[in-house]
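Here are my notes for a first look at this one. Have the sequence and the structure open while you read.

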Amino acid sequence: MHTSELAKKIRRIEIKSNKLVDEIFSGEYRSGFRGKGMEFENIRQYIAGDEVRSIDWKVSARYDKTFVKQFVEEREMNMFLLVDMSRSNSFGKKKEFIAEISATLALSAVKNNDRVGAIFFTGQVEKLIPSKNGKRHVLSIIENILSFEPEQSTTNIAQVLQYFNRIEKKRSVVFLISDFLDDDFERELKASDSRHDLIRIRVVDRAEECIPAGAIYSFEDLETGESFVLDNLQRDFYMPLPKGQFKRNLITIYTDEDYVKPLMQFFKRRGKR
């Protein structure tokens, strides 16, 4: 992509995302993550009027006096975008959709004074962008998504989750953005869910999800380069999805739809918890 074309795309995404954040999305983002920014500070003796739910029963029993836990509000959250850069995400409009979704989420975080980082992955972890705050940093992430040329074409979700859990000890809000055309990452999802607030965003082109009946199709796997034939004369073929832990905190976004609506619906549900 030429520099001038890239600059135009970044500017277009910036204008669109800023408008969405200012007019629509930032309130949903804040309400969706309210109450997440509290961390333990210390323990002190109970004072009349303290909330019962703040009592530390183990410490109170040990010293035969009532103690409560004190918490302080964190000034900022830590958001990470784990972005699937495998070759299957270059199909149709998926890559540009991923860039726009990332921009909307990241600019919402910056407006909320949160820090944003990113990891690009394929069959391996390809690039780490440490978390920082500021609009310039977010625009740099978007530029990287649009211009990045990965070394591998395959997908390994388990590996990127293992890597992130190893390097990031602080509880973070994590958006895993992928088409999830991968297997055997259930255990890593469960581990990440226990450490972080992990949200899955599945970006799909409808042409990938359903192959209509009535023909025999020849395909080439974009990630492996392998060719195969699908005898689909009798019935529609639907791409199978992982089950179980995968469905938790899942947002599915189709490239022929407005991505704002499913994002807002998800955060509204979170805000009502």
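The points below go from the overall picture to single residues.

1. Before anything else, this is a predicted model, where local features need pLDDT of at least 70 and side-chain atom pairs count only at pLDDT 80 or more, while totals for chains, interfaces and linings use all residues. Residues are numbered from 1 along each chain as its sequence is written, and side-chain values use heavy atoms, with hydrogens and water left out.

2. The overall picture: the protein has eight helices and 12 strands. Of the 273 residues, 46% are buried (buried is under 20% relative accessible area, exposed is over 50%, and partly exposed is in between, using a 1.4 Å probe and protein chains only). Among contacts with a separation of 6 or more, 73% are between residues 24 or more positions apart; contact here means heavy atoms within 4.5 Å.

3. Now look at helix α3 (residues 94–111) and helix α4 (residues 135–147), which pack at an angle of about 170° with axes 10 Å apart. The axes are lines fitted to C-alpha atoms, for helices over the stretch in contact, and the angles run from 0 to 180 degrees between N-to-C directions.

4. Which residues in α3 and α4 meet? From α3 come Lys95, Ile98, Ala99, Ser102, Ala103, Ala106, Leu107 and Val110, and from α4 come Lys135, Val138, Ile142, Ile145 and Leu146. By class, this contact of α3 with α4 has 10 nonpolar, one polar and two charged residues (Ala, Val, Leu, Ile, Met, Phe, Trp, Tyr, Cys and Pro count as nonpolar, Asp, Glu, Lys and Arg as charged, and the others, Gly among them, as polar).

5. Asparagine 89 sits in the loop between β3 (78–84) and α3. It counts as buried because its relative accessibility is 2%. Its side chain makes a polar contact with the side chain of aspartate 84 at 3.1 Å (a pair of N or O atoms within 3.5 Å; within protein, one must be able to donate a hydrogen and the other to accept it, and residues adjacent in sequence count only if both atoms are side-chain atoms). Leaving aside neighbours within four places in sequence, asparagine 89 also has Lys95 and Ile98 among its contacts.

6. Is histidine 196 buried or exposed? It is buried, at 2% relative accessibility, in the loop between α6 (186–195) and β7 (197–204). A polar atom of the histidine 196 side chain lies 3.5 Å from the backbone oxygen of glutamate 168, and one lies 3.1 Å from the backbone nitrogen of serine 172.

7. Most residues other than glycine have a negative phi. Aspartate 64, in the loop between α2 (57–63) and β2 (67–73), has a positive phi of about 60°. Aspartate 184 also has a positive phi of about 60°, and lies in the loop between β6 (173–178) and α6. Aspartate 64 is exposed, with a relative accessible area of 71%, and aspartate 184 counts as exposed at 73%.

8. Finally, arginine 270 is in helix α8 (residues 260–271) and counts as buried, at 5% relative accessibility.

Notes: Helix = DSSP H or I, 4+ residues; strand = E, 2+ residues; numbered from the N terminus.
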